[in-house]
Amino acid sequence: MSKVIQERINKTLEYLKSIDINKLELGKHVIYDWLYINVQEYMTKSISECRFESHKKYVDIQMMIHGIEAIETCDVDKLELETEYSDENDVMFWKQKSNQMRSVIVDGGYVILFPQNAHMPCIAVDEPVKVKKLVAKVLI
């Protein structure tokens, strides 16, 4: 990882610690020319309804504001491409395989996802629940 990317990630985490994330309104918030935050509310869902995705232009920092959700991750080199990369949306989708790692995030918890980390967010842990989550997009 380059020094610039590490500095941007550190600055993003410092920024998120310095604000009251509970007061963030839904939608997109541009913070710097290299950082924006999407605040989302949705119902988690069964794993069968979720897909692996990855990005090329951004590192994701996914932080739970309120709720609980599982996120599965797997290196892209261990997956088979399902949908070609969209430069406009900075996303590609992958076919699900075995040997994923599962993380569970709760209020204030976060995961950092690099371009080589395919990730499947929005997974219900025990049952579907409404969550409020932010996704910080750090430009590479």
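**View 1. Cys122 lies in strand 10, shown here with a second residue of positive phi, Asp90.** This is a predicted model, in which local features need pLDDT of at least 70 and side-chain atom pairs count only at pLDDT 80 or more, whereas totals for chains, interfaces and linings use all residues. Residues are numbered from 1 along each chain as its sequence is written, and side-chain values use heavy atoms, with hydrogens and water left out. Strands (E, at least two residues) and helices (H or I, at least four) are DSSP runs numbered from the N terminus. Most residues other than glycine have a negative phi. Cys122, although not a glycine, has a positive phi of about 75 degrees, and its relative accessibility of 16% makes it count as buried (buried means under 20% relative accessible area, exposed over 50%, and partly exposed in between, with a 1.4 Å probe and protein chains only). Asp90, in the loop between strand 6 (80–86) and strand 7, has a phi near 45 degrees and counts as buried at 5% relative accessibility.

**View 2. Thr44 is placed in the loop between strand 2 and strand 3 (52–54).** With a relative accessibility of 3%, Thr44 counts as buried. When neighbours within four places in sequence are left aside, the residues in contact with Thr44 include Ile68, Glu69, Cys122, Ile123, Pro128 and Val131, where contact means heavy atoms within 4.5 Å.

**View 3. Glu41 of strand 2 is shown with Lys130, a residue 89 places away in sequence.** The C-alpha atoms of Glu41 and Lys130 are 6.9 Å apart in space. Glu41 counts as partly exposed, at 40% relative accessibility, and, apart from neighbours within four places in sequence, is in contact with Leu26, Lys130, Val131 and Lys132.

**View 4. Arg102 belongs to strand 8 (residues 101–106).** Its relative accessible area of 41% makes Arg102 partly exposed. Neighbours within four places in sequence aside, Arg102 is in contact with Ile47, Ala70, Ile71, Glu72 and Ile123. Between Arg102 and Met120, which are 18 residues apart in sequence, the C-alpha to C-alpha distance is 9.3 Å.

**View 5. Helix 1 (residues 3–18) has its buried residues along one face.** The buried residues of helix 1 are Ile5, Arg8, Ile9, Thr12, Leu13 and Leu16. Seen down the helix axis, these buried residues fall within an arc of 130 degrees, so they line one face; the arc is that of the directions from the helix axis to the C-beta atoms. Strand 2, strand 4, strand 9 (110–113) and strand 11 are among the elements that cover them, while Lys3, Glu14, Lys17 and Ser18 are exposed on the other side of helix 1.

**View 6. The largest pocket has about 250 Å³ of space and a lining of 17 residues.** On a 1 Å grid over the protein atoms alone, a pocket is an open set of points where a 1.4 Å probe fits, with protein on both sides within 12 Å along at least five of seven lines, and lining residues have an atom within 4 Å of a point. Gln40, Glu53, His55, Asp60 and Lys137 lie nearest the centre of the pocket. Strand 2 (35–43), strand 4 (58–66), strand 7 (91–95), strand 10 (117–123) and strand 11 (130–139) each supply at least two lining residues, and strand 2 gives the most, with 4.

Methods:
Grid points are joined across faces, edges and corners, and a volume is the space filled by probe spheres set on the points.
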